[in-house]
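Here is a short report for a first look at a structure. Keep the sequence and the 3D view open while reading.

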Amino acid sequence: MSGFLTAALVLAAGLFAVGLFGLVARRGVLFQIIALEIMLTGPALAFVAAGAHHGDPAGQGMFVFVLVLAASEVALGLALYLRLARHADAGDSDTIRELRR
Amino acid sequence: MLTPFLALLLVPAPAMGAFLLLGLGPAELNRRAVQTVALVGAVLPAVVMLPLGAYCLMGTCDGIQPIFDLTVGDAVVALALKLDPLSAIVGVTVTLIGACVIGYSIDYMAKAEVPDLRRYFALMNLFLASMLCMVLAGDSIVLFLGWELMGLCSFFLIAYHVTSSRAIAAGRKAFVITRVADAFLLAALLLLFLEAGNVRLDALIPAGIAADELRQGLIAALILAGALGKSAQLPFHTWLPSAMAGPTPVSALLHSATMVAAGAFLLARFAPLMQAVPLVMALTAVLGAATALFGAASAVFQKDVKRLLAYSSISQIGFMLLALGLGEPEVAIAHFVVHAIFKSLLFLSAGDITQIARGTTDISAMRGALWSRPLAFVAFAAGAASLAGIPLVTAGWFSKEAILAAAWLAGPFGVVLWLVAMTAAVLTATYAFRPVFTGLTRIGRPRPSLGGIFTNLPIALLAVATFAVAPLVEPIMEFLGGAAPHPPHAVELVGAAAPFLGIALAAALTFVPGLSLRVARARRMRSGIRIDGIYQVIIVQPFVKMVRWLTGQRGGIADPVGSIPVLVAQRLTAAAIRPLAHDPLDRGWMGLGAGMVRAWGAGRRIQSGRVRDYALALALGLALLLLIAWGTTWR
């Protein structure tokens with residue numbers, strides 16, 4: 001395994017872990033959406049690195065997929081955020097727990 | 001297919017029909033109707049049987065009328081009626097005696113209430129029908145059915161006086177003892193069926209003879225045990241003297257043509273099979289001779305006419321068994337016919353004499369009978385003469401002489417049996433003539449009276465028959481395929497002298513006061529050397545005790561068959577289930593339920609409703625899955 005690939009994969013895992021940490025530690029819904037985006041970049045980077053390593057264009061194809069996924073996710077997430085903000089305090093997701101009842 | 005043997009089906013049918021009409025029919029019948037139905041049901045079998053007997057005499061006497069066949073795998077259940085010389089002779093005898101006895105009952109039972117009368121006649125007709133079924137049976141199933149039905153009917157008829165606990169006990173005793181013997185017969189028939197795979201008698205008997213020695217011996221011994229029980233032979237004889245609790249015509253039918261005589265018929269039917277096992281044959285002969293002597297000796301000491309006649313039946317059937325054991329079934333059946341005639345005659349005439357003596361059946365009730373009831377008394381004397389075997393005139397002499405001759409001709413072992421049987425023959429004449437001599441004494445100024453036509457006609461017919469059959473005894477034996485055995489003349493002369501010796505003894509016992517007092521005091525002999533009492537102590541009482549114990553000393557209805565499983569189940573629950581029932585098992589089970597509720601309470605805490613918690617759980621789950629996936633690739 002080349003040093004480049006290792007570094008890229010470690011960076012990808014780090015990005016994913018940072019995103020996850022952001023998702024779990026932050027309370028603001030908007031920040032959590034941003035953290036999700038960061039989480040998505042981790043696997044996307046891993047695809048690109050793996051594709052480059054094997055000389056396979058499918059890795060880049062998967063990256064385009066992830067981009068599309070991220071875009072649609074943001075679109076849906078922001079719409080939900082706006083909707084949610086009208087009802088409750090969007091600054092603290094912990095208070096939104098009506099489903100528990 | 002229409003054959004003359006189709007008429008065989010019609011022989012038991014009228015009696016069975018009369019039973020169905022009287023016993024199960026819903027219609028109300030008055031006294032006259034009940035009597036008519038009963039009489040028609042009893043007479044028609046004789047009307048059908050007599051031409052069949054004549055047809056049989058003309059030559060073609062080997063016919064089977066199938067009823068229906070059922071094939072199960074390899075086995076064939078083929079019910080059928082059968083006409084052969086044996087069933088023809090016995091069938092004719094049974095139908096005639098049955099008609100006479102049931103005809104006689106019409107007068108004898110005239111005072112009974114209509115429902116009682118109906119029950120009585122229904123059962124008498126069923127009794128007759130079942131004996132006919134057994135006699136004419138061509139297969140073991142019809143044979144056993146008739147055999148069992150007879151036992152049932154005898155129970156109901158002996159216990160006819162339902163208000164008397166003695167009668168019920170006597171009926172129960174008869175039923176239980178014959179039931180024990182029936183079990184032996186059933187076992188024998190089933191073993192034969194296993195050998196043959198067919199129920200037809202024509203197949204069973206050869207199959208039994210072809211069986212290996214052990215099975216053959218077992219089957220023969222079981223058949224003998226069945227016959228001993230039904231025929232009230234030693235050691236099963238105790239039920240017969242008690243069976244006197246029933247009305248006299250019941251005894252007449254039970255002792256002469258049906259039930260008791262059925263054992264002898266059974267042995268005659270299976271004679272070829274029995275003859276293949278010499279040991280069982282010897283046992284039959286020895287038990288027959290012993291029973292003949294025992295019955296005759298006990299009869300001499302009886303005070304009651306009916307009990308005297310009961311011991312007489314035991315003794316006479318002992319003679320038949322002796323002949324069967326000696327390998328002379330033809331002689332035994334000839335004696336069966338003769339015995340049926342004179343025994344029913346004795347019972348009917350004694351019943352007539354004692355009935356006018358206000359119900360007591362003591363011998364003293366016979367006193368003066370010659371003057372007060374002449375016809376019945378003369379008939380009784382005729383029966384007694386035949387029973388004693390007065391030479392040359394009575395039928396009894398010819399058949400009994402043939403049995404004695406067969407014993408004499410059977411070698412040294414036979415001579416011993418001959419001596420025993422001869423002693424029994426002397427005693428037979430003694431007990432037969434004791435009531436006759438009692439009847440001769442004149443008391444007061446008696447007024448001769450006659451019963452009705454239904455009383456006198458059967459008695460007169462039977463009285464004539466006792467003499468009329470005398471020249472027919474040897475032809476009967478020849479018809480059955482045997483020959484009358486003839487011993488040396490000296491032996492025959494001794495046989496002829498025996499009845500007269502017995503009669504002299506009877507006269508001495510009746511008219512010499514010292515001797516008659518002795519007889520009156522001989523309690524031990526009167527109770528049949530107390531065998532009944534011994535059985536009571538060694539069998540009945542322990543059994544009753546065991547049943548009491550089984551029912552938990554509660555008394556009530558004893559039912560060992562029902563109580564043993566219940567007892568076992570109770571013990572089992574006490575030992576295995578009760579310790580667990582209330583504490584550990586129960587608590588453990590309920591604890592599981594309560595634990596589930598607690599687990600649910602704990603489990604629902606995870607469901608916080610927070611997005612972050614869920615995200616963390618998802619991540620941890622994913623991490624765990626990855627860890628497992630990694631672990632599986634790790635060698």
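In which hand does α1(A) pass α2(A)? The crossing is left-handed. A crossing has that name if the near helix is turned anticlockwise from the far one by less than a right angle, and is right-handed if clockwise.

## Basis

This is a predicted model: local features need pLDDT of at least 70, side-chain atom pairs count only at pLDDT 80 or more, and totals for chains, interfaces and linings use all residues. Residues are numbered from 1 along each chain as its sequence is written, while chains are lettered from A and ligands numbered from 1 in the order in which they are written.

## The helix pair in chain A

Helix α1 of chain A covers residues 3-25, and helix α2 of chain A covers residues 29-54. Helices are DSSP runs (H or I, at least four residues), numbered from the N terminus. The two axes come within 7 Å and cross at roughly 165°. Axes are lines fitted to C-alpha atoms over the stretch in contact, with angles from 0 to 180 degrees between N-to-C directions. α1(A) and α2(A) are therefore roughly antiparallel, a term for angles over 145 degrees.

By class, the contact of α1(A) with α2(A) has 20 nonpolar, six polar and no charged residues. Ala, Val, Leu, Ile, Met, Phe, Trp, Tyr, Cys and Pro count as nonpolar, Asp, Glu, Lys and Arg as charged, and the others, Gly among them, as polar.

## Where the chains meet

Eight residues of chain A are in contact with nine residues of chain B. Contact requires C-beta atoms, placed from the backbone, within 7 Å. The chain A side has four nonpolar, one polar and three charged residues.

## Cores

The largest nonpolar core has 208 residues. Such a core is a set of buried Ala, Val, Leu, Ile, Met, Phe, Trp, Tyr and Cys residues joined through C-beta atoms within 7 Å. B:Ala421 is one of the members that touch the most others. Its contacts include B:Phe319, B:Leu322 and B:Ala407, not counting residues up to four places away in sequence. Another core, of six residues, lies apart, with A:Ala12 and A:Val66 among them.

The loop between α8 (213-230) and α9 (239-242) of chain B holds B:Pro235. A cis peptide bond joins B:Leu234 to B:Pro235, with omega about -5°. B:Ala232 is found in that loop too. Its phi is near 55°, a positive value in a residue other than glycine. B:Ala232 counts as buried because it has 30 C-beta neighbours inside 10 Å; the cut-off is 20 or more.

Conventions: Helices (H or I, at least four residues) and strands (E, at least two) are DSSP runs, numbered from the N terminus. Angles under 35 degrees count as roughly parallel, over 145 as roughly antiparallel, 65 to 115 as roughly perpendicular and the rest as oblique. Two residues are in contact if their C-beta atoms, placed from the backbone, lie within 7 Å. A residue is buried if 20 or more other C-beta atoms lie within 10 Å of its own, exposed if 12 or fewer, and partly exposed in between; C-beta atoms are placed from the backbone.
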